[in-house]
Amino acid sequence: MDGKLRAAVMPLLRYSGVFEPADLDLLQRVFDQVCIERRLAQKDKERREDLAAELVSVYRNGITDEGELLQALSKRRLA
């Protein structure tokens with residue numbers, strides 16, 4: 001798994017359980033795709049961390065299908 005998502009997700013894991021490897025793979029794919037859509041560069045650390053937190057929140061609220069996650073996050077924009 002890419003370190004950028006892991007770095008943002010790891011603090012959340014301490015407080016809210018554990019993700020399985022398949023979950024992390026799915027989250028990474030969605031994260032990468034949404035970063036491309038939002039044109040978030042590697043240097044946009046804060047915005048990427050916000051996206052990672054948003055993605056984990058949406059996932060934990062029951063949207064676990066890759067297409068549905070992409071759809072849910074593509075409708076949202078970070079300020």
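Predicted model: local features only at pLDDT ≥ 70, side-chain atom pairs only at ≥ 80, totals over all residues.

Colleague: Okay, how many helices and strands does the chain have?

Modeller: There are 4 helices and 0 strands. Following the sequence, the pattern reads α-α-α-α.

Colleague: And what percentage of the residues is buried?

Modeller: Of the 79 residues in the chain, 35% are buried. The accessible surface is about 5,000 Å², and carbon and sulfur atoms hold 49% of that.

Colleague: What about contacts between residues 24 or more positions apart?

Modeller: Taking the contacts with a separation of 6 or more, those residues account for 59%.

Colleague: Switching to packing. At what angle do H2 and H4 pack, and how far apart are their axes?

Modeller: H2 covers residues 21–37 and H4 covers residues 66–74; they pack at about 35°, with the axes 10 Å apart.

Colleague: Left-handed or right-handed crossing for H2 and H4?

Modeller: The crossing of H2 and H4 is right-handed.

Colleague: Which residues meet there?

Modeller: H2 brings Leu 26, Arg 29, Val 30, Gln 33, Val 34 and Glu 37, and they meet Glu 66, Leu 69, Leu 70, Leu 73 and Ser 74 of H4. By type, the contact has 6 nonpolar, 2 polar and 3 charged residues.

Colleague: Now the core. How many residues are in the largest nonpolar one, and which have the most contacts inside it?

Modeller: That core has 18 residues, and Val 30, Leu 51, Leu 55, Leu 69 and Leu 73 have the most contacts inside it. H2, H3 and H4 are the elements giving two or more residues to this core. H2 supplies the largest share, 7 residues.

Colleague: Take Leu 55. What is Leu 55 in contact with, leaving aside neighbours within four places in sequence?

Modeller: Leu 55 is in contact with Leu 27, Val 30, Phe 31, Leu 69 and Leu 73. Of these partners, Val 30, Leu 69 and Leu 73 also turn up in the contact of H2 with H4.

Colleague: One more: where is Val 58?

Modeller: Val 58 sits in helix H3, residues 45–60.

Colleague: Why do you call Val 58 buried?

Modeller: Because the relative accessible area of Val 58 is 4%, and buried means under 20%.

Colleague: How far is the C-alpha of Val 58 from that of Leu 69?

Modeller: Those two C-alpha atoms are separated by 7.4 Å, with Val 58 and Leu 69 being 11 residues apart along the chain.

Key. Residues numbered from 1 in each chain as written. Heavy atoms only, no water. Axes fitted to C-alpha atoms, helices over the stretch in contact; angles between N-to-C directions. Left-handed = near helix turned anticlockwise from the far one by under 90°. Contact = heavy atoms within 4.5 Å. Nonpolar A, V, L, I, M, F, W, Y, C, P; charged D, E, K, R; others polar. Buried < 20%, exposed > 50% of the residue type's maximum accessible area, 1.4 Å probe, protein only. Areas by Shrake-Rupley, 256 points an atom, 1.4 Å probe, with all protein chains shown as cover. Core = buried A, V, L, I, M, F, W, Y, C linked by side-chain atoms within 4.5 Å.
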